[in-house]
Amino acid sequence: MRSALPSDVSRMLRFGAVGLLNTALGYTLILAGLALGLGDIVSNAAGYAAGLTLGFFLNRRWTFALAGGFRPGAVARYAMTFVVAYGANLGIVIAAMSAGFIENPFVHLAGNCLYSIIFYLGSARFVFVGGADDPDAFAATSAKWPGAVT
């Protein structure tokens, strides 16, 4: 049996590169929104929306090698994965604050690491299944979800 480790490492590196790009775009738009007087909430929402959109398309085509049309429900699965990952991040921050760690950068680093791990695993095993690196994954996932189109 062939090891998937080299493929996984390469995919993780691509995922990290996409993360850096969507973070740069999102942060740039947040700063631009603030400079234009849009306020914290609107600027933050615009930055996250653009970063998540860029991340979806780059991860779909490059990281997980899914060419062609959208898989049914991929955008919804991506959004759910984001919510779970971000919720875990906030859980770490809130738990740390409850323990007395206020404005501690290491708490945010830990939350960000957990967010990244959950988002990668969710993307690889739930969102972007059936790519060139994993031809049987979409069929296996579809078999678990009644009514899924294969």
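Predicted model: local features only at pLDDT ≥ 70, side-chain atom pairs only at ≥ 80, totals over all residues.
Phe-82 is buried, its relative accessible area being 17%, where buried stands for under 20% relative accessible area, exposed for over 50% and partly exposed for values in between (1.4 Å probe, protein chains only). Residues are numbered from 1 along each chain as its sequence is written, and side-chain values use heavy atoms, with hydrogens and water left out.

The overall layout comes first. The protein has 5 helices and 0 strands, and its pattern along the sequence reads α-α-α-α-α. Here helices (H or I, at least four residues) and strands (E, at least two) are DSSP runs, numbered from the N terminus. Of the 150 residues in the protein, 31% are buried. The accessible surface comes to about 9200 Å², and carbon and sulfur atoms hold 72% of this area; accessible areas come from the Shrake-Rupley method with a 1.4 Å probe, and for residues only the protein chains shown count as cover. Among contacts with a separation of 6 or more, 61% are between residues 24 or more positions apart, a contact being heavy atoms within 4.5 Å.

Rings of Phe, Tyr and Trp (its six-membered ring) pair if their centres lie within 6.5 Å; planes under 30 degrees apart are called stacked, over 60 edge-to-face, and the rest tilted. By this rule there are 16 aromatic pairs. One of them joins Phe-56 and Phe-128, a tilted pair because the planes stand at 45 degrees, with the ring centres 5.4 Å apart. This pair bridges distant parts of the chain, since Phe-56 sits in helix α2 (residues 39-63) and Phe-128 in the loop between α4 and α5 (137-144), 72 residues apart. Both partners are buried: Phe-56 has a relative accessible area of 4%, and Phe-128 has 3%. The pair of Phe-82 and Tyr-86, by contrast, is stacked, at 5.6 Å centre to centre and 15 degrees between the planes. These two residues both belong to helix α3 and are 4 residues apart, about one turn of the helix. Tyr-86 is partly exposed, at 32% relative accessible area.

In soluble globular proteins, nonpolar side chains tend to be buried together. A nonpolar core is a set of buried Ala, Val, Leu, Ile, Met, Phe, Trp, Tyr and Cys residues joined through side-chain atoms within 4.5 Å. The largest such core has 14 residues, and Phe-64, Tyr-78, Phe-119 and Phe-128 touch the most other members. Helices α3 and α4 (105-127) each supply at least two residues of this core, and the largest share, 5 residues, comes from α4. Leaving aside residues up to four places away in sequence, Tyr-78 touches Leu-52, Gly-55, Phe-56, Asn-59, Phe-119, Val-127 and Phe-128. Tyr-78 and Phe-126 are 48 residues apart along the chain, with their C-alpha atoms separated by 8.3 Å. Phe-126 lies in helix α4 and is partly exposed, at 23% relative accessible area.

Ile-94, in helix α3, is exposed at 52% relative accessible area.

Charged residues complete the picture. A salt bridge is a side-chain nitrogen of Lys or Arg within 4 Å of a carboxyl oxygen of Asp or Glu, and by this rule the count is 1. Arg-11 and Asp-8 form a salt bridge, with their closest N and O atoms 3.0 Å apart. They are 3 residues apart in helix α1 (residues 5-35), about one helical turn, and both are buried. Glu-103, in the loop between α3 and α4, is exposed at 75% relative accessibility.
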